[in-house]
Amino acid sequence: YKLNEEDANKKYLGKTILITGQIAEIINKDTFVNIFLGDINAINKVSCVMDIKNKKIKDLPKLGQEITIKGVCTGFLADVEFNRCVIVKNK
């Protein structure tokens with residue numbers, strides 16, 4: 001997305017994709033959890049939003065942990081955005 005947003009949108013937008021990376025940040029709200037993957041010091045990360053009702057997120061992973069998440073790519077804002085995410089694997 002950083003190199004060419006238009007080409008990345010053609011390739012990824014609206015598609016369900018597996019994303020693997022290190023957890024840089026977790027935001028836990030009443031109705032959703034947002035797990036950010038990438039370098040903790042990077043400006044841009046990968047944002048993975050999950051519905052709080054998802055049973056697999058009852059035991060949230062930890063910062064720095066490697067994780068695989070499946071979600072639908074919705075484009076690039078400040079981060080590459082994924083919605084309707086589910087945790088596939090915690091390491």
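Leaving aside neighbours within four places in sequence, I27 is in contact with F32, V33, N34 and F36, where contact means heavy atoms within 4.5 Å. I27 lies in strand 1. The model is a predicted one, in which local features need pLDDT of at least 70 and side-chain atom pairs count only at pLDDT 80 or more, while totals for chains, interfaces and linings use all residues. Residues are numbered from 1 along each chain as its sequence is written, and side-chain values use heavy atoms, with hydrogens and water left out.

**Overall architecture**

- The protein contains one helix and five strands; helices (H or I, at least four residues) and strands (E, at least two) are DSSP runs, numbered from the N terminus.
- In sequence order, these elements follow the pattern α-β-β-β-β-β.
- The protein is as compact as a globular protein of its length, because its radius of gyration is 13 Å, close to the 12 Å that the globule rule gives for 91 residues. The radius is taken over C-alpha atoms, and the rule is 2.2 Å times the number of residues to the power 0.38.
- The C-alpha trace spans about 35 × 25 × 25 Å along its principal axes.
- Of the contacts with a separation of 6 or more, 52% are between residues 24 or more positions apart.

**Surface, burial and charge**

- Buried residues account for 38% of the 91 residues; buried means under 20% relative accessible area, exposed over 50%, and partly exposed in between (1.4 Å probe, protein chains only).
- The protein exposes about 5,900 Å², and carbon and sulfur atoms supply 52% of that area. Accessible areas come from the Shrake-Rupley method with a 1.4 Å probe, and for residues only the protein chains shown count as cover.
- There are 15 positive and 11 negative charges, and their mean positions are 8 Å apart. Lys and Arg count as positive and Asp and Glu as negative, without His and the chain ends; each charge is placed at NZ of Lys, CZ of Arg, CG of Asp or CD of Glu.

**The largest nonpolar core**

- The largest nonpolar core has 18 residues, of which I19, I35, L37, V46, C48, I69 and F82 touch the most other members. Such a core is a set of buried Ala, Val, Leu, Ile, Met, Phe, Trp, Tyr and Cys residues joined through side-chain atoms within 4.5 Å.
- Two or more residues of this core come from each of strand 1 (16–28), strand 2 (32–37), strand 3 (46–51), strand 4 (66–76) and strand 5 (80–90).
- Strand 5 gives the largest share, four residues.
- Beyond residues up to four places away in sequence, I35 touches I23, E25, I26, V46, S47, C48, M50, P61, I69 and I87.
- L37 lies in strand 2 and is buried, with a relative accessible area of 3%.
- When residues up to four places away are not counted, L37 touches I19, T20, G21, Q22, I23, A24, K45, V46, C48, I67 and I69.
- The C-alpha atoms of L37 and I26 are 9.1 Å apart in space, with the two residues 11 apart in sequence.

**Residues in the strands**

- I27 is partly exposed, with a relative accessible area of 26%.
- A C-alpha separation of 9.3 Å lies between I27 and V49, which are 22 residues apart along the chain.
- R84 is found in strand 5 and is exposed, at a relative accessible area of 67%.
- The phi angle of R84 is near 55 degrees, a positive value in a residue other than glycine.

**Residues in the loops**

- L13 is in the loop between helix 1 (5–12) and strand 1, and its 42% relative accessibility makes it partly exposed.
- L13 and C73 are 60 residues apart along the chain, yet their C-alpha atoms are separated by 5.2 Å.
- I40 is placed in the loop between strand 2 and strand 3 and counts as exposed at 55% relative accessibility.
- Apart from residues up to four places away in sequence, I40 touches A24 and K45.
- I40 and D30 are 10 residues apart in sequence, and their C-alpha atoms are 24 Å apart in space.
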